[in-house]
Amino acid sequence: DLIPSMVIRQVESQDFEEMAELYSKFFPEHDKFSGDVDKILSYLQNQSNSHACFVSKDKHKLLAVTFVVRLGENKNGSHKRWRFRHFAYKDEKAAIELLGAVEAYIKEQSNTVKIELNIAQTEKGFEFYAANGYSKEGELLNHFRWGEVCFVLGKSIE
């Protein structure tokens with residue numbers, strides 16, 4: 001069941017300022033979310049024009065957010081690949097509920113799906129994804145920042 005008074009929905013224009021604040025706190029090392037707030041807001045708005053974005057909110061605040069990017073599909077469209085981009089949260093229960101809702105949204109798009117995401121070793125969330133069925137499928141050295149490992153996580157759903 002949802003957290004009382006919580007809703008999961010696609011992003012709306014009034015969400016961007018809270019998103020910028022959440023992202024700058026959740027990803028302190030991330031280049032896109034440090035510095036000028038107007039630059040961050042512009043980036044988020046541009047991303048939402050290109051990709052689906054889902055938020056989890058209660059009456060007063062944003063609890064979790066993610067962009068959902070379709071990477072590709074097989075010849076007949078029965079299998080599609082997706083990526084979570086910038087999955088961030090204030091509340092782990094809200095994050096689990098958002099994750100489930102977004103996985104259901106993705107699953108509606110084809111018979112089978114593969115969901116991927118990249119997470120830097122310095123970012124929160126590795127244990128969260130592991131506890132929710134995501135497996136480490138690779139490591140990328142010096143991917144986001146020099147000297148840092150980025151993990152490729154994935155989950156297949158049929």
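User: In which strand of this predicted model is His86 found, and is the residue buried or exposed?
Analyst: In this predicted model, His86 is found in strand β4. Buried means under 20% relative accessible area. The value for His86 is 10%, so the residue counts as buried. The strand is β4, and the state of His86 is buried.

User: Where is Asn142 placed, and what is its phi?
Analyst: Asn142 lies in the loop between β6 (135–141) and β7 (149–157). With a relative accessible area of 33%, Asn142 is partly exposed. Although Asn142 is not a glycine, its phi is positive, at about 55°.

User: What is the volume of the largest pocket, and which residues are the closest to its centre?
Analyst: The largest pocket has a volume of about 410 Å³. Its lining consists of 19 residues. The closest to the centre of the pocket are His30, Arg85, His86, Asn118 and Phe144.

User: Which element gives the most to the lining of the largest pocket?
Analyst: Two elements give two or more residues to the lining of the largest pocket, namely β4 (79–89) and β5 (112–120). By class, this lining has nine nonpolar, four polar and six charged residues. The element that gives the most, with five residues, is β4.

User: How many cavities of 30 Å³ or more does the structure hold, and which residues line the largest cavity?
Analyst: The structure holds one cavity of 30 Å³ or more. The volume of the largest cavity is about 40 Å³. Three nonpolar, two polar and three charged residues make up its lining. By name, the lining residues are Phe26, Phe27, Pro28, Glu29, His30, Thr122, Glu123 and Arg145.

User: Which residues of helix α1 are buried, and what covers them?
Analyst: Helix α1 spans residues 16–26. Its buried residues are Phe16, Met19, Ala20, Leu22, Tyr23 and Phe26. What covers these buried residues includes α2 (37–50), β2, β3 (62–73) and β4.

User: Why does Ser56 count as buried, and which residues is it in contact with beyond its neighbours within four places in sequence?
Analyst: Ser56 has its place in strand β2, which runs over residues 52–57. Buried means under 20% relative accessible area, and Ser56 counts as buried because its relative accessibility is 0%. Leaving aside neighbours within four places in sequence, Ser56 is in contact with Met6, Val7, Ile8, Lys61, Leu62, Leu63, Ala64, Ala94 and Leu98.

User: Which residues does Ala120 touch, not counting residues up to four places away in sequence?
Analyst: Ala120 has its place in strand β5 and counts as buried, at 2% relative accessibility. Its C-alpha atom is separated by 9.8 Å from that of Leu141, a residue 21 positions away along the chain. Not counting residues up to four places away in sequence, Ala120 touches Phe144, Arg145, Glu148, Val149 and Cys150.

User: How many disulfides does the structure hold?
Analyst: A disulfide is a covalent bond between the sulfur atoms of two cysteines. Cys53 is buried at 1% relative accessibility, and Cys150 is buried at 0%. A disulfide would require a pair of cysteine sulfur atoms within 2.5 Å. The number of disulfides in the structure is zero.

User: What is the order of the elements from the N terminus on?
Analyst: The secondary structure of the protein comes to four helices and seven strands. From the N terminus on, the elements run β-α-α-β-β-β-α-β-α-β-β.

User: Why is the protein described as being as compact as a globular protein of its length, and what is its radius of gyration?
Analyst: For 158 residues, the globule rule gives 15 Å, and the radius of gyration is close to this value, so the protein is as compact as a globular protein of that length. The C-alpha atoms fill a box of roughly 40 × 40 × 30 Å along the principal axes. The radius of gyration is 15 Å.

User: What percentage of the residues count as buried?
Analyst: Among contacts with a separation of 6 or more, residues 24 or more positions apart account for 61%. Of the 158 residues of the protein, the share that count as buried is 48%.

Terms used:
Residues are numbered from 1 along each chain as its sequence is written. This is a predicted model: local features need pLDDT of at least 70, side-chain atom pairs count only at pLDDT 80 or more; totals for chains, interfaces and linings use all residues. Side-chain values use heavy atoms; hydrogens and water are left out. Buried means under 20% relative accessible area, exposed over 50%, partly exposed in between (1.4 Å probe, protein chains only). On a 1 Å grid over the protein atoms alone, a cavity is a set of points where a 1.4 Å probe fits but cannot get out, and a pocket is an open set with protein on both sides within 12 Å along at least five of seven lines; lining residues have an atom within 4 Å of a point. Grid points are joined across faces, edges and corners, and a volume is the space filled by probe spheres set on the points. Ala, Val, Leu, Ile, Met, Phe, Trp, Tyr, Cys and Pro count as nonpolar, Asp, Glu, Lys and Arg as charged, and the others, Gly among them, as polar. The radius of gyration is taken over C-alpha atoms; the globule rule is 2.2 Å times the number of residues to the power 0.38. Contact means heavy atoms within 4.5 Å.
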